[in-house]
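Student: I have a protein model open and would like to learn how to read it. Could you walk me through some features, one at a time?

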Amino acid sequence: MQADELYLELIVFRPCVLIPVYNHERAIGEVVRGVLAHNVSCLLVDDGSSPGCAAVLDQIAADAPTQVMLLRHRDNEGKGRAVLTGIYHAARKGYSHVLQIDADGQHCIDDIPHFLEESSINPSALIVGCPIYDESVPPIRLYGRYLTHIWVWINTLSTHIKDSMCGFRIYPVMPVLNLMQRQKLGARMTFDTEVLVRMFWEGSIVINVPTRVSYPRDGVSHFRALFDNVQISWMHATLFLGMLRRLPKLLKNKRDKGNK
């Protein structure tokens, strides 16, 4: 049994919800209310938001001081860095798992209990949302995701990760902390995909959970087409080189799983 698995068996399952926030003042209040309705603590990471959004977050934290924790980056450092800040803080507060959900209202908050149930049964696993889209999804975003899916399947030599870009997921805290000590992870839009691939390489189990995803008409997107696509392409290239170095091990793991 690996040390991470032993650790997870010895501790009490104590999850919290982590929401990275950057100028989502119109949606964040409803998202937090939905989270708190499921009787779970909420950790907000303000990633250098505007004064208007910062004021909204201050009020949310003041209204529920025993349920909501608020952390701040002075400047915008990116979604990945906000998630890592939240995971570090969750570890210090004694949380065993972090449920990440986006601040823009895309995700089905009522699925939180199902995600938490899956995580409590499989505490060493990554619980990852597999989106079920409605008609609101922009076609270009939908088609673009498939390119990332294909690269992830190549870089893991498997299709275990159905969707690496969905921001609705649960991380076991200790394995992520261990990875962060050894590997610098992408600070921005590449984080969600990179962390899953690297944890898969290290032997983490991935459990895909179907969940409805919608795109609000007045939703705020911080995706920068040129810059972020360049970053994503560089990430896939870097992961591909990493896959080549791990190819014998990945093939062996694939063969061993096929024989079971």
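Tutor: Gladly! Let's begin with a term we will need again and again: a residue is buried when its relative accessible area is under 20%, exposed when it is over 50%, and partly exposed in between. Keep in mind that this is a predicted model.

Student: Let me try that on one residue. Is Met165 buried or partly exposed?

Tutor: Met165 has a relative accessible area of 27%, so it counts as partly exposed. You will find Met165 in the loop between α6 and β6.

Student: Which residues does Met165 touch, apart from its neighbours within four places in sequence?

Tutor: Met165 is in contact with Arg145, Thr148, Asp192 and Thr193. Take Asp192: its C-alpha is 5.7 Å from that of Met165, although the two residues are 27 apart in sequence.

Student: And what does the whole protein look like, in terms of helices and strands?

Tutor: The protein has ten helices and seven strands. Of its 260 residues, 47% count as buried. Among contacts with a separation of 6 or more, 80% are between residues 24 or more positions apart.

Student: Are Arg72 and Asp46 buried or partly exposed?

Tutor: One of each! Arg72 is partly exposed, at 39% relative accessibility, whereas Asp46 is buried, at 1%.

Student: What salt bridge does Asp192 make?

Tutor: The side chain of Asp192 meets that of Arg169 at 3.8 Å, N to O. This pair links helix α8, where Asp192 lies, to strand β6, where Arg169 lies, across 23 residues. Asp192 is buried, with 5% relative accessibility, and Arg169 is buried too, with 0%.

Student: Which residues are joined with Arg169 and Asp192 in one network?

Tutor: Salt bridges with shared partners join Lys79, Asp102, Arg169 and Asp192 into one network. Within it, the side chains of Lys79 and Asp102 meet at 3.1 Å, N to O. Lys79 lies in helix α4, and Asp102 in the loop between β4 and α5. Lys79 is partly exposed at 22%, while Asp102 is buried at 16%.

Student: How should I read a pair of aromatic rings?

Tutor: Such a pair is described by the distance of the centres and the angle of the planes. Planes over 60 degrees apart count as edge-to-face. There are four aromatic pairs here. In the pair of Trp151 and Phe240, the centres are 6.0 Å apart and the planes stand at 80 degrees, so the pair is edge-to-face. Trp151 is in helix α6 and Phe240 in helix α9, so the pair ties together parts that are 89 residues apart in sequence.

Student: What about Tyr171 and Phe191?

Tutor: Their pair is edge-to-face, with 6.5 Å between the centres and 65 degrees between the planes. It connects strand β6, which holds Tyr171, with helix α8, which holds Phe191. Both residues have a relative accessible area of 1%, so both are buried.

Student: Finally, which residues make the nonpolar surface patch?

Tutor: Ile150, Trp151 and Ile154 make a patch of about 250 Å². Ile150 lies in helix α6 and is partly exposed, at 43%.

Key
Residues are numbered from 1 along each chain as its sequence is written. This is a predicted model: local features need pLDDT of at least 70, side-chain atom pairs count only at pLDDT 80 or more; totals for chains, interfaces and linings use all residues. Side-chain values use heavy atoms; hydrogens and water are left out. Patches are made of residues with over 30% relative accessible area and no salt bridge: like charges are joined within 9 Å, nonpolar side chains (Val, Leu, Ile, Met, Phe, Trp, Tyr) within 5 Å. Accessible areas come from the Shrake-Rupley method with a 1.4 Å probe; for residues, only the protein chains shown count as cover. A salt bridge is a side-chain nitrogen of Lys or Arg within 4 Å of a carboxyl oxygen of Asp or Glu. Helices (H or I, at least four residues) and strands (E, at least two) are DSSP runs, numbered from the N terminus. Buried means under 20% relative accessible area, exposed over 50%, partly exposed in between (1.4 Å probe, protein chains only). Contact means heavy atoms within 4.5 Å. Rings of Phe, Tyr and Trp (its six-membered ring) pair if their centres lie within 6.5 Å; planes under 30 degrees apart count as stacked, over 60 as edge-to-face and the rest as tilted.
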